[in-house]
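Subject: The structure, and what turned up in it

Hi there,

Here is the structure I promised to pass on to you. Please open it alongside this email, as the notes below refer to its residues by name.

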Amino acid sequence: MATNHILSVSENKGTNPSNRWKDEYWLMLLQVYMQKPEGIKHAYSRPMVNLSLEIHISPEYLYDKMTMIRNLDTPRIKRLWERYANNPRLLGATVKKLRAMAGFNNANSFYDGVEVCETFERDFRPTDDDPEVIPAMLIMILDLYFRLTPSTMNKNTPEVVEMSKLLGINASKVVEILMLFRHHDPYYKETGIVFHPLANPCIEVWQRYGNGSPMALEALACQLKHYFIK
């Protein structure tokens, strides 16, 4: 399962997620684990990412913690399992109470005045100029870019249509993003300034992944795909 750790390269190396882990998070994670189909969820499934964004702990770290739940690794986990595994209503009520007590129901005020060093979170938040698009989508489309030729970068290409359906955006927008990546591709030596709401986000994603290993990008896109699968 090594590929579950692909996104860790973008994290702040000075940030240790274990320093932010709290015991009450076990219950929140157990609730995700108990969701049907019961068991370990993919690190980048939407429920895992949503919990990660809520508590500011990376999906990879939560995935590792979830394997501990499956294996009942510690006496504490065993006690939680014995009390809550067969009582989802009690688990749900307890988690709801924890969120209310800790201020999770109002994340903005909860973290007001607290310095939060965001890393992975930015990939799952809308871009400033296009609320329909998050950087994780751009990463997916960049991977598609390297698998297409210029003549196939059109809205009728099956791969483009499939990507638009997966991401929930228009195929024409996928093509626009592909063209933005082409403009930044040094192979084509495009010149001039492009005025597009997603120009800067595309530059940032290109700088992060465009000159790296295509295989690493493909592996990352494969992981991120689970976030968009309904």
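First, some ground rules. This is a predicted model, so local features need pLDDT of at least 70 and side-chain atom pairs count only at pLDDT 80 or more, while totals for chains, interfaces and linings use all residues. Residues are numbered from 1 along each chain as its sequence is written, and side-chain values use heavy atoms, with hydrogens and water left out.

**The fold**

The protein has 11 helices and 0 strands. Helices (H or I, at least four residues) and strands (E, at least two) are DSSP runs, numbered from the N terminus. Of the 230 residues, 45% are buried. On that scale, buried means under 20% relative accessible area, exposed means over 50%, and partly exposed is in between (1.4 Å probe, protein chains only).

**Salt bridges**

Side chains of opposite charge can pair when their charged atoms come close. The whole structure holds 5 salt bridges, each being a side-chain nitrogen of Lys or Arg within 4 Å of a carboxyl oxygen of Asp or Glu.

- Arg99 and Glu54 meet at 2.6 Å, N to O. This pair links distant parts of the chain, with Arg99 in helix H5 (residues 88-102) and Glu54 in helix H2 (residues 46-55), 45 residues apart. Arg99 counts as partly exposed because its relative accessibility is 23%, whereas Glu54, at 19%, counts as buried.
- Arg208 bridges to Asp123, and their closest N and O atoms are 2.9 Å apart. Arg208 lies in helix H10 (residues 199-210) and Asp123 in the loop between helix H6 (107-110) and helix H7 (135-145), so the pair ties together parts that are 85 residues apart in sequence. Asp123 has 4% relative accessibility and therefore counts as buried; Arg208, at 37%, counts as partly exposed.
- Asp143 and Arg147 form a salt bridge at 3.2 Å, N to O. Here Asp143 is buried at 7% relative accessibility, while Arg147 is partly exposed at 48%.
- Asp130, Glu132 and Lys173 are linked in a network of salt bridges.

**Aromatic pairs**

There are 13 aromatic pairs in the whole structure. Rings of Phe, Tyr and Trp (its six-membered ring) pair if their centres lie within 6.5 Å; planes under 30 degrees apart count as stacked, over 60 as edge-to-face and the rest as tilted. With Tyr25, Trp21 makes an edge-to-face pair, 5.5 Å centre to centre with 80° between the planes. With Trp26, Trp21 makes another edge-to-face pair, at 5.1 Å centre to centre and again 80° between the planes. Trp21 is buried, with a relative accessible area of 14%, and Tyr25 is buried too. Trp26 is also buried, at 7%. Together with Tyr61, these residues, Trp21, Tyr25 and Trp26, form one aromatic cluster.

**A cavity beside Trp26**

Trp26 comes up again in the lining of a cavity. A search of the whole structure finds 2 cavities of 30 Å³ or more. On a 1 Å grid over the protein atoms alone, a cavity is a set of points where a 1.4 Å probe fits but cannot get out, and lining residues have an atom within 4 Å of a point. Grid points are joined across faces, edges and corners, and a volume is the space filled by probe spheres set on the points.

The second largest cavity has a volume of about 50 Å³. Its lining consists of Trp26, Leu30, Ile69, Ile77, Leu80 and Trp81. Helix H1 (25-34) and helix H4 (75-84) are the elements that give two or more residues to this lining, and H4 supplies the largest share, 3 residues.

**A buried glutamine**

Where does Gln223 lie? Gln223 is in helix H11 (residues 214-228). With 6% relative accessibility, Gln223 counts as buried. The side chain of Gln223 makes a polar contact with the side chain of His42 (3.0 Å). A polar contact is a pair of N or O atoms within 3.5 Å; within protein, one must be able to donate a hydrogen and the other to accept it, and residues adjacent in sequence count only if both atoms are side-chain atoms. The C-alpha atoms of Gln223 and Tyr44 are 6.4 Å apart, although 179 residues separate the two along the chain.

Best wishes

Conventions
On a 1 Å grid over the protein atoms alone, a cavity is a set of points where a 1.4 Å probe fits but cannot get out, and a pocket is an open set with protein on both sides within 12 Å along at least five of seven lines; lining residues have an atom within 4 Å of a point.
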